[in-house]
Every structure is written in structure tokens, then in C-alpha cells.
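Have the sequence and the structure ready, and follow along.

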Amino acid sequence: MDQRHREFEQAVSDYAWKDIQGIFKPVQAFARKQYSILASKVQSFFTRYFQQTGWPVTGRMANTAVFDKMVAPKLEISGRKIAFIMVDTLRYELGVELEKQLSEETQARITPALVQLPSITPVGMAGLLPGASADFKLIRTDAGFAPQVNGAVVANVTQRMDFIKKKYGSRFQETRLEEFVRKRFDISPDTDLLVLRSVEIDSHFENNPDTAPTEITNALKRIRVAVHKLREAGFEEVVIATDHGFFMNTHAGPGDTCQKLPGDWVNIHDRALLGDGQADAMHFCVEAEKAGIQGDYKCFAGPLSMASYRDGLLYYHGGCSLQECVVPVIQLQLKQSTSFEAKEVSIELNYKNGAKRITTRLPVIDVQAISQSLFSPDKEFEILLEAHDKKGNVVGEAKPGGPVNPATRAITLQAGGKEKVAIKMSMEFEGKFKIKALNPTTMTAYDQLDLETDYTV
């Protein structure tokens, strides 16, 4: 349900600029309303059982146990290299998509985990630290609250990374995943634990919710490239985890909010409350301990529905729903790639028999895969087709449909085959650019075209 809705919203983002007459608006409104109805039905079941059973559910893995169960035991063996990728905002359906991509080149396994409540970044990221499974608390502060692990306050990135370094010393390094992918970071020979932090998904949703569904593709692409680089650097295992999920509230209209529950509460991200009070017809209210929250607060409460306390939120997290609270953990055993080798095929790109100027924002590129091997004609492989400006920024991507996967924007080709692929150019860009056929794992170019815009309208 959530995957289809996200892909629909991605299509809305891709095509909205063409719908000058608003023909697509009724379709968009209808699809969003149907998603809202179904999501609301699921939510009513979820909050009912949440109140009955508490959180996390017995027999399911708590997110606070991820490091202690999946990372720490590997570090007991000196010299064993493991990478821990901490992704800000990766709900379960996105994890499924990422696991599919990664399993094409390495051994991958996905496991559902239940987040530490409330489902916000400072709490969720602190819950991924070593020792969080045994001693995690939310303490009262002048600012409201702060997460604490083993007696140490770990409310921000610096505190969290210092916490890990104190435990593992020179065996530990950390950086932004984007910096690692762009080769701006050198791994020390002594490093056994490398933490890579990815914040792109949450950042895009918080700042540009209308275009964020499309940007998710780029975030997953960078993770895939990072895994390849980790294999080259000698890492044997990778664990990918996240702090919380999210809900896309695109169907919300004016007034689709919930009034805050009366009582002595700290408002958490407009979707949850910590403090003291009583439930009403619009809210659940459980003892904090029953919600898996240890510390200085008596109760945890939130809307029974998918509503928030603030109007106009197209994207949110912080509360209790399947979308916010059930997240993926992906374990990778790195091995030599068994994917299609570049040397077995060459890619040739062509635009209108050699034309060098495009007059439309949807130019169609001819893509041909020429087999170099007698034994490869039935093999399939993937490429990315992107337009890059002179600084290397992406200014155009393959339009979903046909051979183009809507989730990954990757193009599936068969050796010896041909495809016509439309490139959706950025509305803001004009000038010279390159169309590149890229390996989605290594981002090396198979072929490229030098083109220039010449829009007549």
C-alpha cells in the first residue's frame, strides 16, 4: 500500500509540470483519498493492538538491539571489518526495495525491527548505539527531554559519535555517507567499525516534501554505491539500520488535524506526547513503560488516527503507526560481485541520428547494448541513464515506464538489445550537458553524449 502510494506521488512529481490544464488533478485527488481510507483502516487496528500489547511487541526485534546483536559480536574478532550505515528515515517498504537492489550483487537479508518511541531522530539514532538494548532512558531537561544511554546524554550527532568512539577508540571512524561516496574520506588501516550517516531522505521530506519522493531514488542509489566501495575497501559485512519511518500525508486538507490532549505534556514532533494525562475519544494514552519508554515520564500519548497537531504537514513521523514504527534492518555479507561484467558488453547512446541539440524537455535517447561475448546474449543487466551539467550535477533522469524501474530509475537491458528511453530534463536547466550511461553500482560510465538545450517554447 505504502509503496504504491509513494510511487504514485513520485509520478505526480514527475508529471505535474506538464499538466497545464489540470486534467490530472481529479485522478490525483481520487488516488490520495483511497490511500487515506485504507491507511486509516490499518491505523485503527494498529493503535488498538498497541494499547493492548504495549511496545515493542514480544517476539519481535527492538531497534535498540540492532547494534548489540548484529554489530558488536562481529567486533569481538580483531581485524574483522564491519560498516554500520545509519539512515535517517527509512521505512520498511523502502528497505524492501533497497534489499532487492543490493541482493543482485551480494548476499542480503532484511529483518523488521520496532523503533524506540517516540519515533523521532534524536531518540531513534540514540537507540542504535551500543548498549542501548540494556540501558536506554528519556530524561527530563529544560528543553523538554534528552535520550540517555548508559548514563551518557546522546541527543545529537557529536554526542552519539563520541559515545561510540569512547567504546571502540582507534578501531572506529565515521563520516557522512555522501562524503564517503564522493571519495572525500580516507579509511584508516586500523578501522574495524566504520559508521556512515545518511540524512538525505529526511532532509528532503522536511524541506521539499513535494519533490522528496523522487529524491528517495538518489538516496538509495548512493547507498548502493557506498556498499560497492566498502567491498573494495576490504569490509566483510554491512548493517543498514534507521531511526524511524515516516508517513506521507499528501491527502490532508485544511483542518485535518487533531486537538492536543489535555494534561501536562511535552509535544513531540506534532504526533506524540510525553507527560501525564488521560485518554479521550481521539487519543491513546498508555504508561510510558508499557510503550517501552524508561525514564522521567509517566505516560506516552498520541492521536489514534493518522492526524497531527499541526495543519499543513505533508510528511511526518514521531507518532504510532506501522509506517512510522516498523523499520528495516538489512545485513549484507560482502563477496565478489556476480553481476554482469562491463567487459562483456558495451553501451552505445544515440540521439536523433547524431543531433547535438534537444528542443524538448523529454528527449528520447536510443540505448543499445552490444554483446562482447558469445555466451552472454540472454543475460540482463542494469544501467542508469542521467543528464549531467558541467559540474556533474544531475539535471535529467530516465522517465519511469517500460524498461525503466519507477523505484530505482535503473534501465534493464539484455545483451544485444535496444531501448528507447525518454529523459526528463530539469525545468530550471538550460545549456550544455552530457547524457551518461552509468553502472548503478560503481557509477562508472559506459558511454556518454554531449548535447545542448535549444528549447523553442
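## Cavities inside the model

Helices α4 (92-103) and α9 each supply at least two residues of the lining of the second largest cavity. This is a predicted model, in which local features need pLDDT of at least 70 and side-chain atom pairs count only at pLDDT 80 or more, while totals for chains, interfaces and linings use all residues. Residues are numbered from 1 along each chain as its sequence is written, and side-chain values use heavy atoms, leaving out hydrogens and water.

A cavity is a set of points on a 1 Å grid over the protein atoms alone where a 1.4 Å probe fits but cannot get out, and lining residues have an atom within 4 Å of a point. A volume is the space filled by probe spheres set on the points, which are joined across faces, edges and corners. Helices are DSSP runs (H or I, at least four residues), numbered from the N terminus.

How many cavities of 30 Å³ or more does a search of the whole structure find? The search finds two.

| Cavity | Volume |
|---|---|
| Largest | about 60 Å³ |

The largest cavity is lined by Gln 101, Thr 217, Lys 221, Arg 224, Leu 384, Thr 408, Ala 410 and Pro 440. Helix α9 (residues 212-232) gives the most to this lining, with three residues.

Around the second largest cavity, the lining includes Gln 101, Leu 102, Arg 224, His 228 and Thr 441. Here α9 provides the largest share, four residues.

Notes:
On a 1 Å grid over the protein atoms alone, a cavity is a set of points where a 1.4 Å probe fits but cannot get out, and a pocket is an open set with protein on both sides within 12 Å along at least five of seven lines; lining residues have an atom within 4 Å of a point.
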